[in-house]
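Open the model in your viewer and keep the selection panel at hand. Each stop says what to pick next and what is there.

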Amino acid sequence: MMYQGNEYLFPQIIDMYNKAHALIVASENMKEYLIEKGVENPKIYVQNLWDLPEKVDISITPKFMKQISFTGNDGKFGIMDAFPESDVALEVYGSDKREDVPQNINFNPFISDEHVLLNKLREGGFGLVWAENEHVRNYMHYCNSYKVSTYLRAGIPVIAHKSISCAKLLEKNHWGILANTLEEAIDIVDNMSDEEYQKYIESVGKVGFLLENGYFTKKVLNEAIYGLYVDD
């Protein structure tokens with residue numbers, strides 16, 4: 001699914017999945033997609049979010065800033081070419097510096113230490129999980145993005161496209177902003193109040209404990225093991 005040239009492998013993979021006692025998949029969208037492709041295994045369990053067992057400095061309180069952070073190399077995502085000039089800044093961690101971008105895009109060195117990165121992100125603003133590239137965006141509709149867990153573990157709300165695999169989870173739990181375009185997302189940030197932002201921070205803070213202690217993985221493993229022995 002990530003690489004279009006590998007589609008010929010689907011029959012072999014589907015056959016293997018149908019021989020498994022149980023499957024753990026990344027999202028509800030992935031579950032539905034595999035069933036459409038021919039998976040008949042009745043025991044399919046959904047992970048939803050990857051855990052991130054890393055501590056953060058709880059003495060740092062995320063502050064409301066008209067700032068959006070993006071971690072990773074932007075080459076396959078195409079965000080910088082689509083990010084409009086505005087009062088909202090884009091802080092990029094990991095991509096090479098470019099001169100042909102709006103003045104509100106700032107480049108920061110790659111941070112390899114996860115603990116350091118989380119505490120830097122925790123200073124405030126929002127975390128961006130986005131792709132302008134249609135193939136990558138389609139893949140994000142099914143996959144489980146580690147970036148989502150990174151921002152939530154840092155304690156800041158997520159900005160994502162409405163088609164992202166965990167959209168319902170983000171919306172229902174008030175963990176971030178869902179939008180159809182970057183312009184729409186930036187407009188929401190630009191017009192947000194500090195009071196509204198703090199409500200996001202309060203909601204996001206609740207999931208940090210779960211991510212740190214592996215509860216999303218524990219939950220799905222318990223469900224899968226239980227399902228091996230009990231038919232509901």
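**Before you start**

This is a predicted model, so local features are given at pLDDT of at least 70 and side-chain atom pairs at pLDDT 80 or more, while totals for chains, interfaces and linings use all residues. Numbering starts from 1 along each chain as its sequence is written, and side-chain values use heavy atoms, with hydrogens and water left out.

**Stop 1: strand S4**

Select residues 89-93, strand S4. Helices (H or I, at least four residues) and strands (E, at least two) are DSSP runs, numbered from the N terminus. Five of the five residues of S4 are buried, so the strand is largely enclosed by the rest of the structure. Buried means under 20% relative accessible area, exposed over 50%, and partly exposed in between (1.4 Å probe, protein chains only).

**Stop 2**

Two strands pair if DSSP finds at least two bridges between them. Pick Val92: its bridge partner in S5 is Phe107.

Phe70 stands opposite Val92 in S4, and Ile68 stands opposite Leu90.

Stay on Ile68. In strand S6, its bridge partner is Phe126. S3 and S6 pair in the parallel sense over three bridges.

**Stop 3: helix H4**

Select residues 114-121. Which residues of H4 are buried? They are Leu117, Leu118, Asn119 and Leu121. Their cover includes S3, S4, strand S6 (124-129) and H6.

Step back to Asp113, which caps the N-terminal end of H4. A side-chain oxygen of Asp113 lies 2.9 Å from the backbone nitrogen of His115.

**Stop 4: the S2–S3 loop**

Select Gln47, in the loop between S2 and S3. Is Gln47 buried or exposed? Gln47 counts as buried because its relative accessible area is 5%. Show side chains: a polar contact of 3.2 Å joins Gln47 and Thr217. A polar contact is a pair of N or O atoms within 3.5 Å; within protein, one must be able to donate a hydrogen and the other to accept it, and residues adjacent in sequence count only if both atoms are side-chain atoms.

Leaving aside neighbours within four places in sequence, Gln47 has contacts that include Ile24, Asn144, Phe216 and Val220. Contact means heavy atoms within 4.5 Å.

Asn48 is partly exposed, at 28%.

**Stop 5**

Select His174, between helix H7 (167-172) and strand S8 (176-179). His174 is not a glycine, yet its phi is positive, about 60 degrees. At 31% relative accessibility, His174 is partly exposed.

Go to Ser145, in the loop between helix H5 (134-140) and helix H6 (146-154). Ser145 is buried, at 15% relative accessibility. Its side chain reaches the backbone nitrogen of Lys147 at 3.2 Å. Beyond four places in sequence, Ser145 is in contact with Trp50 and Val129.

**Stop 5: the largest cavity**

Select Val129, Trp130, Ala131, Arg137, Met140, His161, Ser163 and Ile164, which line the largest cavity. Its volume is about 40 Å³. On a 1 Å grid over the protein atoms alone, a cavity is a set of points where a 1.4 Å probe fits but cannot get out, and a pocket is an open set with protein on both sides within 12 Å along at least five of seven lines; lining residues have an atom within 4 Å of a point. The cavity lining has five nonpolar residues, two polar and one charged.

**Stop 6: the largest pocket**

Finish at the largest pocket, with about 400 Å³ of space. Of its 16 lining residues, Met1, Ile13, Tyr17, Met30 and Leu34 are the closest to its centre. Helix H1 (10-19), strand S1 (23-25) and helix H2 (28-37) each supply at least two lining residues. The lining divides into 15 nonpolar residues, one polar and no charged.

Note on methods
Points joined across faces, edges and corners; volume = space filled by probe spheres on them. Nonpolar A, V, L, I, M, F, W, Y, C, P; charged D, E, K, R; others polar.
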